[in-house]
Amino acid sequence: MSQNQVQSKYHTTCRFISLALLFCLCSSFGLKAAETPPNIIMIVSDDQGYRDLGSFGSEEIITPHLDRLAKEGAKLTSFYVTWPACTPSRGSLLTGRYPQRNGIYDMIRNEAPDYGHKYKPAEYEVTFERIGGMDVREKLLPALLKPAGYVSAIYGKWDLGIHKRFLPLARGFDDFYGFTNTGIDYFTHERYGVPSMYRNNQPTEEDIGTYCTYLFQREAVRFIKENHQKPFFLYLPFNAPHGASSLDPRIRGGAQAPEKYKNMYPHLKDTLVTKKKTGRYEFRERPDGPVIHQGVSASKRRLEYVASITCMDDAIGEVLGLLDEYQIADNTIVVFFSDNGGSGGADNSPLKGKKGMMFEGGIRVPCLVRYPAKIKPGTVNDELLTSLELVPTFLKEAAIPLPENVVIDGYDMLPVLMGKTASPRNEMYWQRREDKAARVGHWKWVESEKGSGLFNLSQDIGEKHDLSPTHPEKLKEMKKHFVNWKKQMADAEPRGPFRDY
């Protein structure tokens, strides 16, 4: 064989090998594309009532985009959070663990502002609201998602600590813009006079005066535009419709909303009334300003509340629109729910109670889940499910194993939402200081400062009829279940900031 023939055969062989390698690479890429883990968008409202969505029965409130989620996905009617107020609820939805297990089983907040006190900067720096935070040994959802290549961001309410070791970037998030504590004034971004907005690890006052829902919407839109070609986790915890954390009683008594949205509810009046105190907060002389004997009327409280929800709904609508624009909606899990029961101007009917209570109105919340690839549109699911189910569900869909040597208290709920199986959860427990509650099957037991009783939720969702006098054995059984749960929590590896170890 001549030298030219040898060279020709060599080049032909090289081309064949190159084409074979290219085919393998393309095949591998195609397999990877087909198995791309789903994007995850978790949207949390703040103190929203059980009925305060069109899809949950409200004939007053305007929520077309959230109602669209219900039509295109599943409406969960027996969905619970782990605590009847902000901080512990948020700790659980990011860890999949009971508050008593992850260490955040009470609020990280200061109570002095409840009595009209404004902190000086040096004084605030050593308060519990400033120094408390979730135990650094806890692994949060964004950190658990990283092995699958997720980029993660949070825009809105954090509420799990302000020191850098507690802030989102130290817990697995790649980007953060929002406020760090339990509530703010929607326009000044202050919590009772203390500036509270952060950009990643640094305090910022760059957007003072801009309504905060618009800011969280802006950041979410930017994040999706920048990251829609890779798997992403977007945590969007709005503060709407939480009451504004302002020392001014003309603001403090309700949420806040832009005029554009308040004008959508002309039947509600934007009026103040004469008052001498709002709750525990007395209007007394303070060195920083005059006494104000005005407060929010009931009509204004409802107006600010519902208008703030409609504004939030519009922000959610833009996020959903981007998923359609980039053709990634089918491979995106969108979950929406409230962090706890409604308060202020909320409508929790037909449930009893509100935020802070162990009755259903404090812990059962509206929840919507859309995942077109797997959940049938228009599904209504009344199975017992909780926010503890979110972390294991997301990890399963991302093909990530549950963390080793960590007890996860939730279950993968996707088979339940797909109608393939009943919920694996048959029981759920709550404790807030001396207030206790348990649900086992359809039975619910409450022992609290606001009331106690035994209820059959399958017949009495409003907890109107206490059955403890006629079912003493069932009451005894429920209390025994609760004691067993308490022992499990006590035996768990202790976590700060509240436990002694």
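Select Arg218 and Tyr177. In this predicted model, Arg218 lies over the face of Tyr177, at 5.6 Å from the ring centre. For another such contact, pick Lys75 and Phe56. The charged end of Lys75 sits over the Phe56 ring, 5.3 Å from its centre.

Now show helix 8. Its 16 residues reach 23 Å from first C-alpha to last, close to the 22 Å expected at 1.5 Å a residue. Colour its buried residues, among them Cys212, Leu215, Phe216, Val221 and Phe223. The buried residues of helix 8 pack against strand 1, strand 3, strand 4, strand 7 (197–199), strand 9 and helix 11.

Next, the largest nonpolar core. It has 55 residues, and those with the most contacts inside it are Ile41, Tyr155, Phe216, Phe232 and Phe336. Elements giving two or more residues to this core include helix 2 (64–72), helix 8 (212–227) and helix 11 (298–325). Helix 11 supplies the largest share, 13 residues. Zoom in on Phe232: its contacts include Ile41, Val151, Phe223 and Leu323. Another core lies apart, with 49 residues, including Leu145, Phe176, Ile333 and Tyr371.

Turn to the rings. The structure holds 22 aromatic pairs. Select Trp158 and Phe173. Their centres are 6.1 Å apart and their planes at 90°, so the pair is edge-to-face. Both sit in the loop between strand 3 and strand 4, 15 residues apart. Trp158 and Phe173 are buried.

Then go to Phe359 and Phe455. This pair is also edge-to-face, at 6.3 Å and 65°. The two are 96 residues apart, with Phe455 in strand 21. Phe359 is buried at 2% relative accessibility.

Finish at Tyr98, Tyr429, Trp445, Phe482 and Trp485, which ring pairs link into a cluster.

Definitions and conventions:
Residues are numbered from 1 along each chain as its sequence is written. This is a predicted model: local features need pLDDT of at least 70, side-chain atom pairs count only at pLDDT 80 or more; totals for chains, interfaces and linings use all residues. Side-chain values use heavy atoms; hydrogens and water are left out. A nonpolar core is a set of buried Ala, Val, Leu, Ile, Met, Phe, Trp, Tyr and Cys residues joined through side-chain atoms within 4.5 Å. Buried means under 20% relative accessible area, exposed over 50%, partly exposed in between (1.4 Å probe, protein chains only). Helices (H or I, at least four residues) and strands (E, at least two) are DSSP runs, numbered from the N terminus. Contact means heavy atoms within 4.5 Å. The expected span of a helix is 1.5 Å times one less than its number of residues. Rings of Phe, Tyr and Trp (its six-membered ring) pair if their centres lie within 6.5 Å; planes under 30 degrees apart count as stacked, over 60 as edge-to-face and the rest as tilted. A charge sits over a ring if NZ of Lys or CZ of Arg is within 6 Å of the ring centre and within 35 degrees of the ring normal. Lists of a residue's contacts leave out its neighbours within four places in sequence.
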